[in-house]
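Hi,

Here is the structure I promised to pass on. Have a look at it first, and my notes follow below.

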Amino acid sequence: MFKITRVSPSIIASNWQDKNEVIKTLKELEKSGAHMVHLDVMDGVFVKNKTFDYNYIDFIKNNTNLLLDVHLMVANPENVIDEYIKAGADILTVHYEATKDLQKVLERIKAKGILAGVAIKPKTSTMKLKDILASGLVDVVVVMGVEPGASGQAFIPGSAEKVAEVRELDKNVFISIDGGVNLKNAKILKKFGANILVSGATIFNSKNMKKTIKALKGRILFNGFNSEE
Ligand code: DX5
Ligand code: ZN
């Protein structure tokens with residue numbers, strides 16, 4: 001599982017409100033070596049900003065073959081997960097801080113045959129995940145490198161070490177790092193165990209998305225494997 005680094009471009013850093021532009025962006029990402037597309041759902045409650053809901057996910061699903069990596073920054077995700085599963089999420093991530101019954105939420109996601117993710121905010125300790133990781137219900141841990149709510153923020157120091165802590169707790173879970181990922185910190189993040197790199201500003205502000213995605217994947221040895229396919 002560790003031999004491939006997957007890159008998940010975060011669409012909110014692009015011109016996502018213009019549907020014709022988004023369709024073009026998706027086609028370009030498909031040709032650029034991205035494995036999936038990261039979709040940040042913000043409800044204006046769990047985070048200040050509001051982005052889109054399941055209708056937009058449905059629109060994306062109808063316009064790409066990329067896997068949909070849906071990151072729910074919403075309070076009480078148990079009330080809405082069914083809509084996102086129906087809309088076509090392939091990975092559905094909820095926040096540890098957003099629900100009182102994480103286990104049940106993850107069980108419901110996994111019962112639908114898609115991957116279940118748990119995201120932790122910068123101030124949430126990785127140790128909080130110990131029991132839920134042991135339960136086997138988590139496919140992806142999303143370690144936030146910034147406070148959730150916006151793209152283009154600076155990486156918070158210490159977030160890479162949190163990736164290493166999660167890898168220590170679980171050798172097999174996918175670890176996604178989300179927020180502030182750039183060409184400089186990508187290497188250490190992969191070395192510490194991240195195998196999904198979410199990236200908004202670094203990809204969409206670059207002149208050549210394909211080259212940037214390739215550079216994010218890089219060439220490192222991890223557990224004896226090369227990170228490239
Ligand atoms: C932050 C979002 C991130 C964000 C990443 O709330 O979860 O996915 O879009 O963007 P960059 O890579 O620009 O920090
Ligand atoms: Zn995100």
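Let me start with S199, which is found in strand β8 (helices, H or I of at least four residues, and strands, E of at least two, are DSSP runs numbered from the N terminus). At 2% relative accessibility, S199 counts as buried; here buried means under 20% relative accessible area, exposed over 50% and partly exposed in between, with a 1.4 Å probe and protein chains only. Leaving aside neighbours within four places in sequence, S199 is in contact with S8, P9, S10, V181 and L216, where contact means heavy atoms within 4.5 Å.

Before I go on, two notes on conventions. This is a predicted model, so local features need pLDDT of at least 70 and side-chain atom pairs count only at pLDDT 80 or more, while totals for chains, interfaces and linings use all residues. Residues are numbered from 1 along each chain as its sequence is written, chains are lettered from A and ligands numbered from 1 in the order in which they are written, and side-chain values use heavy atoms, with hydrogens and water left out.

Now the metal site. The protein donors of the zinc ion (ligand 2) are H38 (NE2), D40 (OD), H71 (ND1) and D178 (OD), at 2.1 to 2.3 Å from the ion. Donors are N, O and S atoms within 2.8 Å of the metal (3.2 Å for Na, K and Ca), and as water is not among the atoms, sites may look incomplete. The six donor atoms subtend angles of 69 to 172° around the zinc ion (ligand 2), which makes the arrangement octahedral; for six donors that requires opposite donors over 155 degrees apart and all others between 65 and 115. Along the sequence, the donor residues follow the spacing H-x1-D-x30-H-x106-D. Two of these residues are H38, buried at 1% relative accessibility, and D40, buried at 5%.

Next, helix α4 (residues 102-111). L102, V105, L106 and I109 are buried there. They cover an arc of only 95° around the axis, which puts them on the same side of α4; the arc is that of the directions from the helix axis to the C-beta atoms. An α-helix has 3.6 residues a turn, so residues three or four places apart point the same way. The face of α4 turned away from the buried side carries the exposed residues K104 and A111. The cover over the buried residues of α4 includes α3 (81-87), β4 (91-95), β5 (115-120) and α5 (130-134). After α4 comes G113, with a positive phi near 80°.

Which residue other than glycine has a positive phi, near 50°? That is N76, placed in the loop between β3 (67-73) and α3. Most residues other than glycine have a negative phi. N76 counts as partly exposed, at 36% relative accessibility.

Finally, K123 sits in the loop between β5 and α5. Is K123 buried or exposed? K123 is exposed, with a relative accessible area of 78%. Apart from neighbours within four places in sequence, K123 is in contact with E147 and K162. K123 and Y96 are 27 residues apart in sequence and 12 Å apart in space, C-alpha to C-alpha.

Best wishes

How values were computed. Tetrahedral: all angles 85-135°; square planar, octahedral: opposite > 155°, others 65-115°.
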